[in-house]
Amino acid sequence: MRPPGARPVPPVVLALRRLPSPRLTGLGAGLFASAVMLVIGFLDRLILDGSPIVFGLLFLPVSALTALWVRTADLVTAPISVPIAFAVGVVPIAGGTGGLGGQAMAVVTALAVHAGWLYGGTLVAGLITSVRKVRDMGRRQQQSSGGAGSGTGGGRVASGAAGEKPSGRPSAPGRRPVA
């Protein structure tokens, strides 16, 4: 089934490849994370009376999915939108009494007290997006170097004097001729 000399693919990787892989824009990833965290916050408040540990534990996979599902062009937005989603989701479990001021103070306090979860999710999103960016850069470099010497147009016929293009026209100023 697999080509000779190829490494076997672990079953975990095969299972992960079967999962859906949507590509969200930066705004879409932020909205996804915020909406999911808000729903998790409301469900946590309803079912578990606002357990910060459950909220924090569920924040980590949401951070990972946000970083995995954002488009390659918008990778930088995932580590930015994930903390915003945490802040949106913490509103239902923050508690707070006394109107808008009391609620705002409870949210700020909850963000300060649960900063470990906030940093952890942001770190997860940052690591995943960094790995994705490095892999994408490697893929692009492989594609650009792989096509240079193979196929048509890969080689160049040396004709004319140094500093001239094969057509006889001089090359652009400041550029060295390619050998």
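Which residues of H4 are buried? In this predicted model, the buried residues of H4 are Ala78, Ser81, Val82, Ala85, Phe86, Gly89 and Val90.

## Overall architecture

The protein chain contains 6 helices and 0 strands, and its order along the sequence reads α-α-α-α-α-α. Of its 179 residues, 26% count as buried. Among contacts with a separation of 6 or more, 65% are made by residues 24 or more positions apart.

The accessible surface of the protein chain comes to about 12000 Å². Carbon and sulfur atoms account for 68% of that surface.

## Helix H4 and its partners

Helix H4 covers residues 78–90 and has 13 residues. The distance from its first C-alpha to its last is 18 Å, close to the 18 Å expected at 1.5 Å a residue.

The buried residues of H4, including Val82 and Ala85, pack against H2, H3, H5 and H6. Of these partners, H5 covers residues 99–113, while H2 spans residues 26–48.

## Helix H3

Helix H3 runs over residues 52–69. Its 18 residues should span 26 Å at 1.5 Å a residue, and the 25 Å between its end C-alpha atoms agrees with this expectation.

Within H3, the buried residues are Phe55, Gly56, Phe59, Val62, Ser63, Ala64, Thr66, Ala67 and Trp69. Their packing partners are H2, H4 and H6.

Ala33 lies in helix H2. With a relative accessible area of 1%, Ala33 falls under the 20% limit and is therefore buried. Not counting residues up to four places away in sequence, Ala33 touches Val62, Thr66 and Ala85. Val62 and Thr66 are among the buried residues of H3, and Ala85 is one of the buried residues of H4. The C-alpha atoms of Ala33 and Val82 are separated by 6.5 Å, although these residues are 49 residues apart along the chain.

Ser34 is also found in helix H2. Its relative accessible area is 16%, so Ser34 is buried. Leaving aside neighbours within four places in sequence, Ser34 is in contact with Ala85 and Val88.

## The loop between H2 and H3

Asp49 is located in the loop between H2 and H3. Its relative accessibility is 65%, so Asp49 counts as exposed.

The backbone of Asp49 has a positive phi of about 60°, although this residue is not a glycine. Most residues other than glycine have a negative phi.

## The largest pocket

The largest pocket has a volume of about 670 Å³. It is lined by 17 residues, and those nearest its centre are Ser21, Arg23, Leu68, Arg132 and Arg135. By class, the lining has 9 nonpolar, 2 polar and 6 charged residues.

Three helices each supply at least two residues of this lining: H1 (11–17), H3 (52–69) and H6 (115–146). The largest share, 6 residues, comes from H6. Helices H3 and H6 also feature in the packing described above, where the buried residues of H3 pack against H6, as do the buried residues of H4.

How values were computed
Residues are numbered from 1 along each chain as its sequence is written. This is a predicted model: local features need pLDDT of at least 70, side-chain atom pairs count only at pLDDT 80 or more; totals for chains, interfaces and linings use all residues. Side-chain values use heavy atoms; hydrogens and water are left out. Helices (H or I, at least four residues) and strands (E, at least two) are DSSP runs, numbered from the N terminus. Buried means under 20% relative accessible area, exposed over 50%, partly exposed in between (1.4 Å probe, protein chains only). Contact means heavy atoms within 4.5 Å. Accessible areas come from the Shrake-Rupley method with a 1.4 Å probe; for residues, only the protein chains shown count as cover. On a 1 Å grid over the protein atoms alone, a cavity is a set of points where a 1.4 Å probe fits but cannot get out, and a pocket is an open set with protein on both sides within 12 Å along at least five of seven lines; lining residues have an atom within 4 Å of a point. Grid points are joined across faces, edges and corners, and a volume is the space filled by probe spheres set on the points. Ala, Val, Leu, Ile, Met, Phe, Trp, Tyr, Cys and Pro count as nonpolar, Asp, Glu, Lys and Arg as charged, and the others, Gly among them, as polar. The expected span of a helix is 1.5 Å times one less than its number of residues.
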